[in-house]
Amino acid sequence: MSAMHLGPPPAPNQLWVEPQHPGNQNGGTAGRGTGPWADQRARGQQSQSSGAWPEVRHEEPCSQGPARRRRPARREEAGPGRLGGAAAAQEGGAAQEGAAGPVGGASRATRASSGPRLRAVSAGRGTRRSSREPLRDVGGVSGEPVGGRTWLRGAEVGGCRASGAALRADLAELEGAGERSAGGPRGPGERTAAGPVASAAAPGERGGDGAPGRVGTGASALFAGLQDLGVANGEDLKETLTNCTEPLKAIEQFQTENGVLLPSLQSALPFLDLHGTPRLEFHQSVFDELRDKLLERVSAIASEGKAEERYKKLEDLLEKSFSLVKMPSLQPVVMCVMKHLPKVPEKKLKLVMADKELYRACAVEVKRQIWQDNQALFGDEVSPLLKQYIVEKESALFSTELSVLHNFFSPSPKTRRQGEVVRRLTRMVGRSVKLYDMVLQFLRTLFLRTRNVHYCTLRAELLMALHDLDVGDICSVDPCHKFTWCLDACIRERFVDSKRARELQGFLDGVKKGQEQVLGDLSMILCDPFAINTLSLSTVKHLQELVGQEVLPRDSPDLLLLLRLLALGQGAWDMIDSQVFKEPKMEVELVTRFLPMLMSFVVDDHTFNVDQKLPAEEKAPVTYPNTLPESFTKFLQEQRMACEVGLYYVLHVTKQRNRNALLRLLPGLVETFGDLAFGDIFLHLLTGSLALLADEFALEDFCSSLFDGFLLTASPRKESVQRHVLRLLLHLHHRVAPSKLEALQKALEPTGQSGEAVKELYSQLGEKLEQLDHRKPSPAQAPETPALELPLPAVPAPAVP
């Protein structure tokens, strides 16, 4: 159901006078002017003594088509100060049934109504009508409450005694205002003859609201809730003015009965008029104050007394006030009541879910109850947040800042959990285990579909965010909670020590038979790039320690556990895709051949560094080995575990400013398992570490090995590599030799298929190069050395003989 945009409702004690129907050219009310009903009104004046009025009949809506209302057979005017009686008109000219008494009788439709009854105040007397009774579009008052409404203050109207001519002029002015504000005069086909004309209304429309397409229908629906509570609204005022002979008295009494019930206020209100303060402003301020007090009271009820009692009070209050949920001024109260109810009635939830405007206005506590049984709707709410999360992570990887201390992995886990997406997801889930399971299912599905490892990060961050909020309802049922908690501490320290390694091993060994599916979630948590980074850094550090201890990798339980965790994380996608929940087998050659090879590289580095520190007379002519074993390159190409550890060893030597080791390893990175060497995470870390080798970029051999031998080999086929190279040059372009910089600029020039990000980076690089050229003075413009001007010594003139 599409929600309409509706205007604000009238404030208390304010009169909403709806514009006169344009068909009444004389601007009068019932019983005035000329037209087809003049003779009827004349006869009505003669028959006032009998007190009987002919009834205006309304046909009930039927299932065969829209309801129709017949034109009233007679219309007679009552005397001053009374509405007169309405008798039941019988078909076929039957005798009319009169009602005795000073006020007269109610119509048959009014007497027979069993629904809520509302006041329709007339001049001097009041009658009641059923909220279900169709309104009569008679008396020159049109059903257009929006645009043509006019606010009248009680002191201005109630205190005056207008003549018939002045009254007709006032109502004619209202009519013109209604036409102008509703979009201009109506066409000939929309005008009616002078006098009332019965209009057809669809079964779902209220009678008297005008033809379909007129703005009155939406406004009637807006204030329809007031009728259910027995509160008079614009419809009642319209009917009052339609059936009375002295509208000013009717207006005055309507204001008196529906205004603020404070006797001392009647004498004080005229002072507002003297100060130029509109009654609308006064009543709106009173209304806002009362609404705020009511909101505070609802919140107090929700926190006082026993749960059963306070929930019963809130349910009763919701039942009475829900009919006003579409009124913008009272909607916050209804929403506040629903917010504090742990279980909103199902019927109310369906009505809210069917209306987009109401759904958007609901508190998240109410939406949770809707989402519980509507996974698709919950998915629509979560999907934009997941997209935003991925965009933020990718933007961080392509940040223009290059630094070892401030990179993608620099923020602490607790800082990352305070991000907007994680906070909003946590609030949406609340304490609902069902919604938490839905989010996990979304993350598994998206990870399986896209292979994007950032979804694994979000899975761990969401669980730990709920842990920080002490949401035991969820943490106690998630079998990965304690494992994630322990791993989160390792990520915070950026190292897995022996104690936590044993704890993590205990969680893995504790997976019971029949619960192997837990390994799927554990592998997804270990696939988090922050977890992979911590495990890989710990592995390289353990290898260095083993070199000093002279221990082989296969004899180190801590190292083997790190490799086990690393293998489980890297195999997450395959495990979830195949639904075979078993730990992947570790390659024997990885432990027996590849890791010892890495340890030999560590020994080469250590030996060379020690030799460089020896005195000149003791230094032997040692050259750093510049070739790679073929088996090392083969391991990087065929085994994912070997490739991951090897790449982190490259990052390690780069951070150590070990230029020789970096140049030795770069050729082995051109072809790796799954192009991991050209992944965004590795290149982000590598470019940040290369900033430490800024001085080396002035050397031709270093730039050729780095750019020509490694980075530019993948640049044509992977746009992300081109972006990382441009990021690096933006930071270090002033260090690169001019000839090499010009060649790189040509090689990195965007093509027609390049994305906007690449073009923007290339444009920024061009601007920086232009600024660099302007700073260097050209040889032709170098200032010439000024000629040396020495003062001539004063020589005395020779004497003349």
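1. Tyr649 is buried, at a relative accessible area of 4%. Buried here means under 20% relative accessible area, exposed over 50%, and partly exposed in between (1.4 Å probe, protein chains only). The model is predicted: local features need pLDDT of at least 70, side-chain atom pairs count only at pLDDT 80 or more, and totals for chains, interfaces and linings use all residues. Residues are numbered from 1 along each chain as its sequence is written, and side-chain values use heavy atoms, with hydrogens and water left out.

2. The whole structure holds 14 aromatic pairs. Rings of Phe, Tyr and Trp (its six-membered ring) pair if their centres lie within 6.5 Å; planes under 30 degrees apart count as stacked, over 60 as edge-to-face and the rest as tilted. One of the pairs is Phe601 with Tyr649, which is tilted: 6.5 Å centre to centre, 35° between the planes. This pair links distant parts of the chain, with Phe601 in helix 28 (residues 588-613) and Tyr649 in helix 30 (residues 640-655), 48 residues apart. Helices are DSSP runs (H or I, at least four residues), numbered from the N terminus. Phe601 is buried too, at 3% relative accessibility.

3. Phe678 and Phe710 are stacked, because their ring centres are 5.0 Å apart and their planes at 25°. Phe678 lies in the loop between helix 31 (659-665) and helix 32 (680-690), Phe710 in helix 33 (residues 700-714), so the pair ties together parts 32 residues apart in sequence. Both Phe678 and Phe710 are buried.

4. One aromatic cluster is formed by Phe594, Phe601, Phe632, Phe635 and Tyr649.

5. Two arginines deserve a look. Arg416 lies over the face of Phe530, 3.7 Å from the ring centre. Arg451 lies over the face of Trp573, at 3.4 Å. The criterion: NZ of Lys or CZ of Arg within 6 Å of the ring centre and within 35 degrees of the ring normal.

6. Gln369 sits in helix 15 (residues 364-371). Gln369 is buried, at 11% relative accessible area. A polar atom of its side chain lies 3.0 Å from the backbone oxygen of Leu341. Leaving out residues up to four places away in sequence, Gln369 touches Leu341, Pro342, Lys343, Val344 and Leu349 (contact: heavy atoms within 4.5 Å).

7. Glu319, in helix 11 (residues 307-321), is exposed at 54% relative accessibility. Its side chain makes a polar contact with the side chain of Lys348 (3.1 Å). Such a contact is a pair of N or O atoms within 3.5 Å; within protein, one must be able to donate a hydrogen and the other to accept it, and residues adjacent in sequence count only if both atoms are side-chain atoms.

Key: Helices (H or I, at least four residues) and strands (E, at least two) are DSSP runs, numbered from the N terminus.
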